[in-house]
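Here's a quick tour of one model, going from a single side chain out to a strand, a helix and a pocket. Have the structure open as you read.

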Amino acid sequence: MAGKYLTLGFRFSNKDFTYALMSGTKSIPCLVEEATIAFPKGYSRSNLLKWLLQEVETLLTRNRPTLVVVKRHEGRTKGLSHEERVECEATVYIAVANTGLGKVFKKVARTLAKDLGQKGKAKYLKVGLDTSVIVGYDDLTDKGRDAVNCAWSELA
């Protein structure tokens with residue numbers, strides 16, 4: 001992997017996180033790796049965030065991505081559920097700073113659509129985007145697709 005242009009996309013929920021590592025270009029993207037990792041049960045919030053930080057730092061040091069993109073929470077949830085997800089998203093910034101790697105972008109669906117050459121509306125990620133250029137895209141979960149779209153959106 002050394003020397004290649006790589007992007008790493010993240011999609012967080014309150015129970016797990018999904019990441020996608022991509023190389024290539026926007027027109028010829030290559031999905032290198034995608035996985036969903038469940039949060040451990042029974043951890044205090046501070047220990048869960050510490051665990052998450054270590055997981056993200058491991059991904060960063062192992063893969064050395066040029067850019068990292070986080071799918072921003074767009075739900076209408078408020079309160080603790082929303083705060084917990086935002087805390088998880090924030091760990092990526094800390095991990096990038098700790099490892100000294102690249103830039104971090106946070107994007108919503110409409111920004112992803114626009115960056116992938118579609119009209120700036122979220123629905124075009126599902127109806128207008130030609131995903132046939134990514135082997136296995138149709139077999140991914142919605143979270144996996146979000147993570148892939150994040151990584152794909154920042155390929156050159």
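Start at S13: its side chain makes a polar contact with the side chain of K143, at 3.5 Å. The S13 side chain also reaches the backbone nitrogen of K15 at 3.2 Å. (A polar contact is a pair of N or O atoms within 3.5 Å; within protein, one must be able to donate a hydrogen and the other to accept it, and residues adjacent in sequence count only if both atoms are side-chain atoms.) S13 is found in the loop between β1 and β2 (16–24), and it counts as buried because its relative accessibility is 11%. Buried here is under 20% relative accessible area, exposed is over 50% and partly exposed is in between, with a 1.4 Å probe and protein chains only.

A word on the ground rules: this is a predicted model, where local features need pLDDT of at least 70, side-chain atom pairs count only at pLDDT 80 or more, and totals for chains, interfaces and linings use all residues. Residues are numbered from 1 along each chain as its sequence is written, and side-chain values use heavy atoms, with hydrogens and water left out.

Now for the strands. Five of the five residues of β4 (67–71) are buried, so the strand is largely enclosed by the rest of the structure. L67, V69 and K71 cover one side, V68 and V70 the other. In a regular strand, side chains alternate between the two faces of the sheet. Strands are DSSP runs of E of at least two residues, and helices are runs of H or I of at least four, numbered from the N terminus. Strands pair if DSSP finds at least two bridges between them. Here is how β4 pairs up:

| Strand paired with β4 | Bridges | Direction |
|---|---|---|
| β1 (residues 6–12) | five bridges | parallel |
| β5 (residues 103–107) | five bridges | parallel |

Within these pairings, L8 has V68 as its bridge partner, and V70 stands opposite K106 in β5.

On to helix α5 (residues 142–153): its 12 residues reach 16 Å from first C-alpha to last, close to the 16 Å expected. The expected span is 1.5 Å times one less than the number of residues. Nine of the 12 are buried, including D146, N149 and W152.

What does α5 give to the lining of the largest pocket? It gives the most, with four residues. The lining divides into five nonpolar, two polar and nine charged residues.

Notes. Ala, Val, Leu, Ile, Met, Phe, Trp, Tyr, Cys and Pro count as nonpolar, Asp, Glu, Lys and Arg as charged, and the others, Gly among them, as polar.
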